[in-house]
Amino acid sequence: MGRGILEVLLVDEEGIKDNHKCILGCLNWLNPCKNARKPYVCVQYGNQQRLSCVAKRGSDRKRIWNEKFTFEVEYPDLGLGDEEQPQYKLIFRVMNKHKFSKDEFLGEARIHVKDILSLGMEKGRYEVRHQKYRVVELDKTYSGDISAVITFIKIGKGEDIASCKSSDIQANKIVI
């Protein structure tokens with residue numbers, strides 16, 4: 001069994017539809033509905049979950065995060081049967097922040113990272129550069145795209161995860 005760090009750089013989103021319907025409360029001139037969208041992302045790997053901040057408005061219709069998350073990963077030996085293998089999925093749930101009501105689900109993207117982990121275990125480090133992933137709504141219709149950079153860094157038997165986070169990841173910052 002090998003260990004490592006799955007690092008996710010959440011970059012931006014584009015074109016994600018807002019299903020929010022205007023009500024009288026958001027029709028005032030200070031907060032028109034067209035500017036009310038405040039997306040954030042819940043990033044999940046296994047039972048580990050991280051929340052992003054609300055995205056900043058970028059150029060055109062893009063919302064920008066440029067936020068980095070890390071997840072501790074254990075990658076089992078290849079001798080396990082298919083039914084014993086855990087699900088190697090990274091899930092991005094895009095939510096719309098509301099001040100006075102429940103936050104709204106805008107869509108999600110699921111990324112299978114088994115190949116990234118496998119190559120990272122073999123090479124010591126593997127990175128999928130800046131890439132767009134499709135976000136779909138509950139009924140599986142296309143909603144827009146989310147961009148991320150995904151990196152897996154293998155940790156040796158004697159290494160500590162905390163020391164790897166501060167040295168290896170900090171030394172290899174990604175500038176977009």
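Let's start with T151, which sits in strand β9; strands here are DSSP runs of E with at least two residues, helices are runs of H or I with at least four, and both are numbered from the N terminus. T151 is buried, at a relative accessible area of 0%. By buried I mean under 20% relative accessible area, by exposed over 50%, and by partly exposed anything in between, with a 1.4 Å probe and protein chains only. What does the side chain of T151 make a polar contact with? The partner is the side chain of E127, at 3.2 Å. A polar contact here is a pair of N or O atoms within 3.5 Å; within protein, one must be able to donate a hydrogen and the other to accept it, and residues adjacent in sequence count only if both atoms are side-chain atoms.

Before going on, a word on where this comes from. This is a predicted model, so local features need pLDDT of at least 70 and side-chain atom pairs count only at pLDDT 80 or more, while totals for chains, interfaces and linings use all residues. Residues are numbered from 1 along each chain as its sequence is written, and side-chain values use heavy atoms, with hydrogens and water left out.

Let's stay with E127 and turn to charges. The side chain of E127 also meets that of R129 in a salt bridge, 2.4 Å from N to O. A salt bridge means a side-chain nitrogen of Lys or Arg within 4 Å of a carboxyl oxygen of Asp or Glu. R129 is exposed, with a relative accessible area of 51%. How many salt bridges does a search of the whole structure find? It finds seven. Another one joins E108 and R110, at 2.7 Å from N to O. E108 counts as buried at 12% relative accessibility, whereas R110 counts as partly exposed at 43%. Salt bridges with shared partners also link R93, E108 and R110 into one network. D103 and K97 meet in a salt bridge too, at 4.0 Å from N to O, and K97 is partly exposed, at 40% relative accessibility.

Now the overall picture. The protein has two helices and nine strands, and along the sequence they follow the pattern β-β-β-β-β-β-β-α-β-β-α. Of its 176 residues, 43% count as buried. Of the contacts with a separation of 6 or more, 65% are between residues 24 or more positions apart, where contact means heavy atoms within 4.5 Å. The protein exposes about 10500 Å², and carbon and sulfur atoms supply 51% of that; these areas come from the Shrake-Rupley method with a 1.4 Å probe, and for residues only the protein chains shown count as cover.

On to helix α1, residues 114-123. Which residues of α1 are buried? They are I116, L117, G120 and M121. These four cover an arc of only 130° around the axis, which puts them on the same side of α1; the arc is that of the directions from the helix axis to the C-beta atoms. As a reminder, an α-helix has 3.6 residues a turn, so residues three or four places apart point the same way. What covers the buried residues of α1 includes β1, β2, β5, β8 and β9. The face turned away from the buried side carries the exposed residues D115, E122 and K123. After α1 comes G124, with a positive phi near 95°.

Strand β1, residues 2-14, pairs with β5 in the antiparallel sense over 11 bridges; for two strands to pair, DSSP has to find at least two bridges between them. Strand β4, residues 56-57, also runs antiparallel to β5, and two bridges join them. Most residues other than glycine have a negative phi, and most peptide bonds are trans. In the hairpin of β4 and β5, which has five residues between the strands, D60 takes a positive phi near 55°. N66, found in strand β5, has a positive phi near 50° and is partly exposed, with a relative accessible area of 47%. K140 has a positive phi near 70°. Where is K140 placed? It lies in the loop between β8 and β9, and K140 is exposed, with a relative accessible area of 61%.
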